[in-house]
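The following account leads the reader through a single protein model, from its overall architecture to selected local details.

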Amino acid sequence: MVFAIGAAVILAIAGGAFARASAASPSSQQAFGVKFLVTYEGSVEATWHNSSPVEVPDPNHTFRCGGGDASGALTSSVHPGSKRFFIRVGHEPGGSWLSLAFQPPNGSVQAVVASNRTAQEWYMRYSGHECKRFDFEEPGCGAHTLNTDVAPVSSASGRFDSGVSPIYHVSIAWPLEPETIGCGDGIVFPGGYRYGWEAAQLRLKPLYRCGIRKPRSCKLTIGRDRTYVYDTTDRGVHYTSTVHVKWSVTFLARGR
């Protein structure tokens with residue numbers, strides 16, 4: 001069917017971008033600066049609907065038969081697991097530049113991801129010399145909960161450079177769902193998804209200054225709440241998608 005893009009599309013976007021973010025995480029060999037406990041949560045809600053007009057035989061078009069309708073939804077959320085995640089912010093030895101380090105050092109930690117995918121589809125086709133409506137089976141749809149690697153602070157550029165006052169564009173990177181086979185997928189994500197569209201600014205210098213104050217009760221939260229709408233018609237098929245991303249990351253100072 002022209003409607004079904006395939007669940008592998010989302011998995012390629014989410015999985016590929018997550019691997020990119022994790023691989024780009026800096027080393028945390030440095031044991032300096034201010035330590036922050038990182039708490040986080042995020043969600044993605046997406047719906048889609050693709051349809052084309054029903055065409056059935058008539059005296060002028062004896063063999064005409066076509067049209068259909070497909071729709072579905074995906075929800076995915078991420079929450080911390082049992083392992084805690086920390087960052088350290090400090091000046092590089094002998095210099096004034098600030099840098100960031102992770103604990104665990106690879107920048108990822110086990111978290112809980114819950115997802116649910118639904119889909120419905122029917123189409124018109126010939127059978128027994130008649131133009132009939134047929135429902136498309138969706139055996140792969142359903143809800144899933146898994147413990148998996150997540151990058152709570154993932155750079156849209158893939159880098160965390162040092163500097164006098166670094167500004168990073170970050171978000172939470174998590175696989176939206178496990179691989180689902182046999183469940184319709186017509187979601188269209190924004191072109192910059194996983195590359196800055198859903199990112200927020202993390203300013204390292206204000207975070208560091210907050211962390212060195214006494215008493216050390218610094219708390220800083222960043223996040224994003226954004227919606228993307230796709231609506232187009234191509235060759236008689238009307239495609240619509242809505243993607244809503246919402247996440248937040250909170251940094252709690254934990255001393256040096």
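**Architecture and local detail**

Read from the N terminus, the elements of the protein follow the order α-β-β-β-β-β-β-β-β-β-α-β-β. The protein thus contains 2 helices and 11 strands, where helices (H or I, at least four residues) and strands (E, at least two) are DSSP runs numbered from the N terminus. The model is predicted: local features need pLDDT of at least 70 and side-chain atom pairs count only at pLDDT 80 or more, while totals for chains, interfaces and linings use all residues. Residues are numbered from 1 along each chain as its sequence is written, and side-chain values use heavy atoms, with hydrogens and water left out.

Of the 256 residues of the protein, 46% are buried (under 20% relative accessible area, with exposed meaning over 50% and partly exposed in between; 1.4 Å probe, protein chains only). The accessible surface, computed by the Shrake-Rupley method with a 1.4 Å probe, amounts to about 12,700 Å², and carbon and sulfur atoms contribute 51% of it. Among contacts (heavy atoms within 4.5 Å) with a separation of 6 or more, 78% join residues 24 or more positions apart.

Helix α2 spans residues 204-212, and its residues L204, L207, Y208, C210 and G211 are buried. Viewed down the axis of α2, the buried residues fall within an arc of 160 degrees, so they line one face of the helix; the arc is that of the directions from the helix axis to the C-beta atoms.

The loop between β8 (167-173) and β9 (200-203) contains G196. G196 is partly exposed, at a relative accessible area of 31%. Between G196 and S171, 25 residues apart in sequence, the C-alpha to C-alpha distance is 8.2 Å.
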